[in-house]
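Please read the following note beside the sequence and the model. It takes up aromatic rings and then helix packing, point by point.

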Amino acid sequence: MSHAAVLSAEPTDAPARPSVRLVTVLALLGAFAASMSLYVATTQALSYHARDEGPNASYAISLHTGELPTIDTPVAQDRERFPQITRGANREEFDRHRMIWTANHPPLYYLLGVPWVALADALDNPQVLIAGMRAVSALAYGALVFLVGLIAFEVTPRRPPAAMLATAIMASPAVLAIAAGFVMNDSLAVAASSLTVLATLRILRLGVTRNRMIVMAVAGTLAAATKAPGVITVIMCGAALGVTLLLRDRTPKSFLRATWLTAIATGVPGLAIGWFYVRNIVLYGDATASSALLARYQRVQIDTWFEVMTAPRFWHGWYDHLWVPVQLRGTTLHWVIDAITLVALLGLALGILARLRDHGRERGVVVSAPRVPSVAAVGLLVLIAHAFVIVVNLAQFRSGGGNPHERYLMTIMPLIAIVLSVGLLAIVDALPWGEVRRREEVATVLISAFLVGMAAATFAVWMRTQIRMGADLMLPELRLVPYVILAAGGLCALAAVALPLLWRPRADDSVTGSALLALSGVGRG
């Protein structure tokens, strides 16, 4: 029996890969999200955001000189080469804020900043470093939005509208798009983790091949080499792969194969970047240097961990702020977000009840092989377990006196987007109107258009505020570029919501091309 036959647990009518039409729509929505982040990256280039960007950029500068910094390494102090960093550091009251405290993160994102350091020096233009590192973050955010759609397709391969809707939901929080336009590693880290999840689900749905395992191992290495939560992703995806293989084929040979594949999925990232976390333990006492940083910045405990975990108002407010920028807080936009979420959760509950009812009817009627977990179940369990660990860590951070930022929730947004999309479509399915597939498609287009319009409107409010404050200082040589990027993003959004209605699917309409195959992990060994 082939590996694919052993592993496949999906119905035979499920497509092997998303259609060209669907991939085009997902890519257009990703481009729309990236355009907002790129606008931020190129219009805020003459000022640093809070006190985070100086240390982040200084990490790349240290790597350029051949030094791997520690949390005790001073930020770059060179008025000629890096005037923004120097001015930002001099504005800080305490020396502890003039250190590269971000050196507790693994170096991948900052290695991508090294060429921008060299280019800034070659052009004698320090703004190139700032705009370049921001562009990396912005493009990673667009890739993340696209990957969420592909993950949603793997979870629901027979319902393409769910993939489009999940992508639109992921693209809708303008607050995250704004955050991704600054020098921060969050969007690259979450994109790499999402690619790891996607590669895992492709293997579980279509079977093991050499190329799919390579994609999974490389993606896991990228995730672990960008931020500590990526390590959690690698461990959970490796465990999901091994356990699912064993449940689907309980023979000794399968046990050996599952053990070997799990070792590859987790061992390659461990060998590639594990040294960094060992270094953190040696230098700071723990793998993430969190204790050393909390002690340095003299965080005062606010509440106990349990009090934070059980504070609905805190979590509800933090969740809402993903979509509601500071300028719109306290407006009816909160009610819009809450209404969408509640409707989706209601639909999800109805869908679960219907599934349980159908399962009860099937029990005892059909005699078959032992039940094994579906790809949808495995995918959601991985995302839920990962989100739970992240939420627990965030609660510890908050209870220890940490200041929560909306971008910290970016890690759990893939789960939120997929759950909301499935819940909203469950409500659509319950409506007595027309043929189900056409109904889902039309409803998905309408909801996606609303979400994209909401993102554009909230981003426009933020833009106007920045213009009034004089914070939209652009690179003189790139004066028109931000507006061209934003206009192109707007056109991408319009095309994304129009294509599903104008471009009718065909039976043979499937993705081709080596780039998309590699990204989706569908290459065959």
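This is a predicted model: local features need pLDDT of at least 70, side-chain atom pairs count only at pLDDT 80 or more; totals for chains, interfaces and linings use all residues.

1. Ring pairs join Tyr39, Phe459, Trp462 and Tyr483 into a cluster. Rings of Phe, Tyr and Trp (its six-membered ring) are paired if their centres lie within 6.5 Å; planes under 30 degrees apart count as stacked, over 60 as edge-to-face and the rest as tilted. The structure holds 12 aromatic pairs.

2. Trp275 is partly exposed, at a relative accessible area of 43%, whereas Phe276 is buried, at 0%. Here buried means under 20% relative accessible area, exposed over 50%, and partly exposed in between (1.4 Å probe, protein chains only).

3. Phe314 and Trp315 also form an edge-to-face pair, with 5.1 Å centre to centre and 70 degrees between the planes. Phe314 counts as partly exposed at 22% relative accessibility, and Trp315 is buried at 18%.

4. Residues are numbered from 1 along each chain as its sequence is written, and side-chain values use heavy atoms, with hydrogens and water left out.

5. How do helix H2 and helix H7 cross? The axes of H2 (residues 20–43) and H7 (residues 160–171) come within 9 Å and cross at roughly 0 degrees. The two helices are therefore roughly parallel to each other. Angles under 35 degrees count as roughly parallel, over 145 as roughly antiparallel, 65 to 115 as roughly perpendicular and the rest as oblique. Axes are lines fitted to C-alpha atoms, for helices over the stretch in contact, and angles run from 0 to 180 degrees between N-to-C directions. Helices (H or I, at least four residues) are DSSP runs, numbered from the N terminus.

6. Among the residues of H2 that meet H7 are Leu22, Phe32 and Met36; their partners in H7 include Pro160 and Met164. Contact means heavy atoms within 4.5 Å. By class, this contact has 12 nonpolar, 1 polar and no charged residues.

7. Helix H11 (residues 229–248) and helix H17 (residues 375–399) pack at about 150 degrees, with their axes 10 Å apart. H11 and H17 are therefore roughly antiparallel to each other.

Key. Ala, Val, Leu, Ile, Met, Phe, Trp, Tyr, Cys and Pro count as nonpolar, Asp, Glu, Lys and Arg as charged, and the others, Gly among them, as polar.
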